[in-house]
Amino acid sequence: MNKLEVLSFSLFFTVAACGFASASSSAWYESQGGRVRLVTTGTADQAGRIQGVLEIALKPGWKTYWRDPGDSGVPPQIDVNASANVAGVDLSFPAPQRHDDGYGQWAGYDRSVALPAVFTLKSPGDKALIEAHVFLGICETICIPVQTTLSVDPASDPDNATDAELVKTAFAALPQAERSDFRAVTVAGDDETLNVEVAAPGAPDDVDFFVAGNQDYMFGPPTRTEQNGKVLFSVPILDRPDTIPAGAGLHYTVTGTTGAVEGLLPYP
């Protein structure tokens with residue numbers, strides 16, 4: 001082997017090693033207002049679940065949305081039907097902020113964000129390939145729909161410490177489970193309004209409430225009041241199913257001075 005062949009051979013393995021080092025994450029997909037990629041821990045647990053994140057890196061001045069944006073916007077969505085040995089994915093959301101851009105109120109993020117995801121395998125002991133079709137909106141003065149497929153072979157680099165730390169940090173940033181001194185409960189209302197009372201430690205002025213519509217429920221921006229030391233939110237019901245559905249209920253998040261919690265409210 002001559003010197004040129006040795007150099008080419010060495011360069012090949014250097015490039016291959018660099019690609020292998022990031023194999024538990026997808027390539028970045030570049031868009032006008034930012035970029036997105038999928039990162040995983042690479043290894044499934046005994047129940048056949050692989051943790052990951054949908055990482056959304058936003059350029060300054062751009063925004064993206066919570067699970068229910070509000071007046072406008074496209075919530076992040078992942079479809080894994082084209083994957084091999086992946087039964088489904090559950091996407092979670094850190095606590096959003098409420099914004100009013102002059103066109104309407106919306107719930108989401110005006111900074112880069114990592115959305116935790118749990119991929120469930122059909123056969124836990126078998127190899128999985130993730131083909132995640134991603135659809136989300138990122139906006140400045142106009143909204144740009146981001147639609148792409150992110151591919152990951154989790155087994156290619158199961159011990160990538162950088163990817164594992166990113167996933168761990170994202171899951172740690174999620175709202176905690178509701179508790180008796182930090183939660184939302186429904187109070188009497190009517191067919192056109194969801195009324196909730198919110199308990200939260202810290203300053204009452206810091207409290208905010210977010211609810212996500214599903215099962216054909218749609219909600220408008222909440223109105224906040226304080227009565228007899230209680231923080232109340234009244235949320236217009238813009239649309240609802242003909243009958244109250246079965247199921248767990250409506251996802252909600254409460255934010256306050258000390259952080260955020262999440263839980264489920266019964267369907268109104």
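1. Phe209, Phe233 and Tyr252 come together as one aromatic cluster, where rings of Phe, Tyr and Trp (its six-membered ring) pair if their centres lie within 6.5 Å, with planes under 30 degrees apart counted as stacked, over 60 as edge-to-face and the rest as tilted. The model is a predicted one, in which local features need pLDDT of at least 70 and side-chain atom pairs count only at pLDDT 80 or more, whereas totals for chains, interfaces and linings use all residues. Residues are numbered from 1 along each chain as its sequence is written, and side-chain values use heavy atoms, with hydrogens and water left out.

2. The count of aromatic pairs comes to 6. The ring centres of Tyr65 and Trp106 lie 5.5 Å apart with planes at 75 degrees, so this pair is edge-to-face. It joins distant parts of the chain, since Tyr65 belongs to strand 4 (residues 63-70) and Trp106 to strand 8 (residues 105-109), 41 residues apart; strands here are DSSP runs (E, at least two residues), numbered from the N terminus. Tyr65 is buried at 2% relative accessibility, and Trp106 is buried at 4%, where buried means under 20% relative accessible area, exposed over 50% and partly exposed in between (1.4 Å probe, protein chains only).

3. Strand 15 (residues 208-211) is covered on both faces, with Asp208 and Phe210 buried on one side and Phe209 and Val211 buried on the other. Strand 15 pairs with strand 19 (residues 250-256) in the antiparallel sense over 4 bridges, given that two strands pair if DSSP finds at least two bridges between them. Within strand 19, Thr255 is the residue that stands opposite Asp208.

4. The charged end of Arg35 sits over the ring of Trp28, 4.0 Å from its centre; the criterion is NZ of Lys or CZ of Arg within 6 Å of the ring centre and within 35 degrees of the ring normal.

5. Two residues other than glycine deserve a look for their backbone angles: Asn85 has a positive phi near 65 degrees, and Asn228 has a positive phi of about 50 degrees. Asn85 is found in the loop between strand 5 and strand 6 and is buried, with a relative accessible area of 14%. Asn228, by contrast, lies in the loop between strand 17 (223-227) and strand 18 (230-239) and counts as exposed at 80% relative accessibility.
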